[in-house]
Amino acid sequence: MKENFETQAIRNQTERSQFSEHSTPLYLTSSFVFEDAEEMRASFAEEKERNLYSRFTNPNTSEFVNKIVAMEGAEAGYAFATGMSAIFSTFAALLDAGDHIVSCRSVFGSTHSMFHKYLPKWNIDTSYFKVNEVHLLESLIQENTKILYIETPTNPGVDILDLELIGNIAKKHQLIFIVDNCFATPYIQQPIKFGADLVIHSATKLIDGQGRVLGGITVGNKDLMREIYLFSRNTGPAMSPFNAWVLSKSLETLAVRVDRHCENALKVAQFLEEHENVTYVKYPFLPTHPQYEVAKRQMKLGGSIVAFEIKGGIAAGRSFLDNIKMCSLSANLGDTRTIVTHPSSTTHGRLSEEDRLEVGITDGLVRISVGLENVVDIIADIQQALGV
Ligand SMILES: *Cc1c(COP(=O)(O)O)cnc(C)c1O
């Protein structure tokens, strides 16, 4: 029987030990023991599937991986110390010197740094298309292009890319299609259904959901995952058993948490849309969102992030942050606590205005990661900070 999402997230559990524990214990052990020389030989030869060393697998990381594999409809996966180690290891495992990447320009800041600072050391270049220029994507594909990479919804502009459309382009040109699904979570969107070969998450965000531990994961096609696994077991970016234990528990409540995050975020977006000091609001499930139809097709709910443009540019954005009382000023997102940021004066402050506009960051853009406090209190804080 194929169980439903919430049931898999809870019941997909490591086999009980001789102590008959109800909740999976923490397996803090770097290695595992063998009965005899033959068992050890067979295990290293991979004739026998079992834990050898926690850089390879561990019961806690395997439980976490098995849950995400089931949630995303993937075949295999591997858990990493951080979202960035998942992204870097995935690219490093699959690419050869001289390969080429096509990516949307609106990607996480450190992913962009990897593309333009580090991968060129191995003669691997990246060509970017803008979120509103998907029609130019095919013209960027070269003979040596190997990977097509996107995030949707994007950060911090909350734009939506059409997974099915881009998945079909990847298939036509036989590219490996990789989606960073961090903003949506597997509860809201499963990119593999639309043709993704691999899905990556920063588990640090909504998967942990409480701002405690770092983590990352890549899941997808088993042949590609085999390459990524072999690369990782040799180079060492593995997730710690402790973090996997925390994150696997977090997955048990992912569906209920994300339901409430999205309910609160929609209410915040609707409130902002009516506010006189707000020029526009971007939230995937508002009918005014430019890609509303695409969002409805590929997402179950609108997500936890709301972006809006405050009247008055950089000064108004900074003053909004200064006036905030309850919500946190922090770089994280997907936390129980509502977080507000002003990208043009902080995370993206070092970019030129032109580069900022390229990724949809206008001077007055404010990003809210809507948390799980009572939405009345969240809106009250935003309202008083907006003035009027
Ligand atoms: C945070 C984030 C990452 C990086 O994850 P870390 O766990 O911080 O390394 C990658 N992609 C997206 C979309 C993110 O939000």
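The following legends describe close-up views of one predicted model. Residue numbers run from 1 along each chain in the order in which its sequence is written. Because the model is predicted, local features are reported only where pLDDT is at least 70 and side-chain atom pairs count only at pLDDT 80 or more, whereas totals for chains, interfaces and linings use all residues.

**View 1. The whole protein chain and its secondary structure.** The protein chain holds 15 helices and twelve strands, where helices (H or I, at least four residues) and strands (E, at least two) are DSSP runs numbered from the N terminus. Its C-alpha trace spans about 75 × 55 × 40 Å along the principal axes. The radius of gyration of the protein chain is 21 Å, which agrees with the value near 21 Å for a compact globule of 388 residues; this radius is taken over C-alpha atoms, and the globule rule is 2.2 Å times the number of residues to the power 0.38. Of the 388 residues, 47% are buried, a residue being buried if 20 or more other C-beta atoms lie within 10 Å of its own, exposed if 12 or fewer, and partly exposed in between, with C-beta atoms placed from the backbone. Among contacts between residues at least 6 apart in sequence, 74% join residues at least 24 apart, and two residues are in contact if their C-beta atoms, placed from the backbone, lie within 7 Å.

View 2. The protein chain is divided into domain 1 (5-252) and domain 2 (254-386), with bounds that come from an automatic or database domain assignment. The centres of domain 1 and domain 2, taken over C-alpha atoms, are separated by 27 Å. In domain 1, 31 residues are in contact with 32 residues of domain 2. On the side of domain 1 that touches domain 2, the elements giving two or more residues are α1, α8 (185-188) and α10 (241-252). By class, this side of domain 1 has 16 nonpolar, nine polar and six charged residues, where Ala, Val, Leu, Ile, Met, Phe, Trp, Tyr, Cys and Pro count as nonpolar, Asp, Glu, Lys and Arg as charged, and the others, Gly among them, as polar.

**View 3. The residues around the ligand.** The ligand is surrounded by 14 residues, of which the closest are Thr82, Gly83, Phe108, Ser202 and Thr204; a residue is near a molecule or strand if its C-beta atom, placed from the backbone, lies within 6 Å of it. By class, the shell around the ligand comprises five nonpolar, six polar and three charged residues.

**View 4. Helix α3 and what covers it.** The end C-alpha atoms of helix α3 (residues 59-72) are 20 Å apart, in agreement with the 20 Å that its 14 residues should span at 1.5 Å a residue, the expected span being 1.5 Å times one less than the number of residues. Twelve of the 14 residues of α3 are buried, so the helix is largely enclosed by the rest of the structure. Among these buried residues are Phe64, Val65, Ile68, Val69 and Met71, and they also include the charged Glu63, Lys67 and Glu72. The cover over the buried residues of α3 includes α1, β1 (76-80), α8, β6 (198-202), β7 (216-220) and α10. After α3 comes Gly73, with a positive phi near 70°.

**View 5. Helix α2 and the residue after it.** Helix α2 is hardly covered, since the count of buried residues among its eight residues is zero. Glu46 follows α2 and has a positive phi, near 60°.

View 6. A cis peptide bond with omega of about -5° joins Thr152 and Pro153, and Pro153 is placed in the loop between β4 (145-151) and α7 (163-172). The bond from Asn155 to Pro156 is also cis, with omega near -10°, and Pro156 lies in the loop between β4 and α7. Ala307, in strand β9 (residues 305-310), is buried, with 26 other C-beta atoms within 10 Å. Setting aside neighbours within four places in sequence, Ala307 is in contact with Pro156, Gly157, Val158, Lys282, Leu365 and Arg367. Ala307 and Ser369 are 62 residues apart in sequence and 8.8 Å apart in space, C-alpha to C-alpha.

View 7. Ser20, which is not a glycine, has a positive phi of about 55° and is found in the loop between α1 (5-11) and α2 (37-44). Ser20 is exposed, with 6 other C-beta atoms within 10 Å. Asn123 has a positive phi near 60° and is located in the loop between α5 (109-118) and β3 (125-129). Asn123 counts as exposed, with 12 C-beta neighbours inside 10 Å.
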